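Here are my notes on this model, point by point. Please keep the structure open while you read.

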Amino acid sequence: MEERVQGDKSAGQLESHSVTAGGDEQKQPVPGKTILQVEGVTRSLPLGHERIEILRGISFGVQQGEFVAIVGPSGSGKSTLLGIIAGLDNPTSGRVIIDGVDVTRMSEGKLAAVRNQKIGMVFQAFNLIPTLTAQENVEIPLYVGKHKGSPASRARELLELVGLSHRLNHRPTQLSGGEQQRVAIARALATDPPIVIADEPTGNLDAANGEKLLQLIAYLRHTTGKTFIIATHDATVANHADRSIRIVDGRIAAIEGLRGEAIRS
Ligand SMILES: Nc1ncnc2c1ncn2[C@@H]1O[C@H](COP(=O)(O)OP(=O)(O)OP(=O)(O)O)[C@@H](O)[C@H]1O
Ligand SMILES: [Mg+2]
């Protein structure tokens with residue numbers, strides 16, 4: 001089903017956008033449904049004769065439709081944690097359960113399908129393919145597995161949503177950092193995944209485009225019930241989240257709710 005929303009004119013590049021909600025019915029969050037469960041996740045790596053402990057036992061759950069910020073100092077383990085949640089890296093111990101399925105015990109083939117269907121990932125370093133245009137980069141996930149409609153029109157629709165309909169045929173080197181970041185966001189949304197994981201998505205955006213990204217997140221949560229898990233150093237982004245999980249030295253130091261109250265510390 002196609003949803004067209006005419007937004008506030010002052011919203012600039014997001015003034016008019018259309019998003020396919022996916023399926024025949026609009027997806028709405030099921031209140032109280034746990035879509036992600038992280039249980040006792042550790043990650044250590046050999047370094048010379050020693051092992052470095054990057055994650056030291058992380059546990060939390062995320063409800064469908066929730067917006068969770070992962071915050072904490074540089075080097076505290078945020079990107080490592082997101083990579084493990086997205087199934088790109090294995091924990092040394094512990095489990096990640098996505099929509100009831102333990103992805104840490106899965107074959108690579110099945111895991112690839114889960115990643116494609118359930119998770120959209122925006123990387124800290126974008127990971128766009130340099131030889132492809134913006135539109136082709138967004139189309140890529142749609143050639144994996146079965147997806148409705150035309151990849152080209154879906155890619156154009158999403159690039160319009162992030163304010164890049166005038167840059168469809170530009171390659172990554174012909175785009176600014178903020179524009180590349182927005183292509184990466186459009187690509188993460190291509191398969192209409194229920195969970196969007198983003199690593200510093202506003203790191204290369206100016207304040208106005210950062211604000212537009214937050215509006216886009218709010219819009220997608222409202223219309224499609226998507227769940228957002230975002231690692232960020234940006235206090236504005238963290239302030240918009242339902243909860244902030246603070247990681248310090250590979251451990252959860254605090255979990256704070258909407259108005260900054262401590263849920264657990
Ligand atoms: N492949 C690796 N080999 C050795 N050490 C690593 C490796 N990957 C990450 N680390 C170390 O693990 C720690 C956590 O890294 P990570 O990238 O998860 O931090 P981060 O919280 O995302 O930091 P930032 O805010 O700077 O992005 C860092 O000290 C990093 O140097
Ligand atoms: Mg990082």
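1. Start with the ligand. Leu45, Ile52, Ile54, Gly72, Ser74, Gly75, Ser76, Gly77, Lys78, Ser79, Thr80 and Gln124 surround ligand 1. A residue is near a molecule or strand if its C-beta atom, placed from the backbone, lies within 6 Å of it.

2. A word on the source. This is a predicted model, where local features need pLDDT of at least 70, side-chain atom pairs count only at pLDDT 80 or more, and totals for chains, interfaces and linings use all residues. Residues are numbered from 1 along each chain as its sequence is written, while chains are lettered from A and ligands numbered from 1 in the order in which they are written.

3. Which elements supply at least two residues each of the shell around ligand 1? They are β4 (50-63) and α1 (78-85). The most comes from α1, with 3 residues. Helices (H or I, at least four residues) and strands (E, at least two) are DSSP runs, numbered from the N terminus.

4. By type, the shell around ligand 1 holds 3 nonpolar, 8 polar and 1 charged. Nonpolar means Ala, Val, Leu, Ile, Met, Phe, Trp, Tyr, Cys and Pro; charged means Asp, Glu, Lys and Arg; the others, Gly among them, are polar.

5. Now strand β5 (residues 67-71). In β5, 5 of 5 residues are buried (20 or more other C-beta atoms within 10 Å of the residue's own, C-beta atoms being placed from the backbone). Phe67, Ala69 and Val71 point one way, Val68 and Ile70 the other.

6. Check the pairing (at least two DSSP bridges between two strands). β5 runs parallel to β10 (residues 227-231), joined by 4 bridges. Ile70 has Ala231 of β10 as its bridge partner. β5 also runs parallel to β11 (residues 243-248), again with 4 bridges. There, Val71 stands opposite Arg246.

Terms used:
Buried ≥ 20, exposed ≤ 12 C-beta atoms within 10 Å, placed from the backbone.
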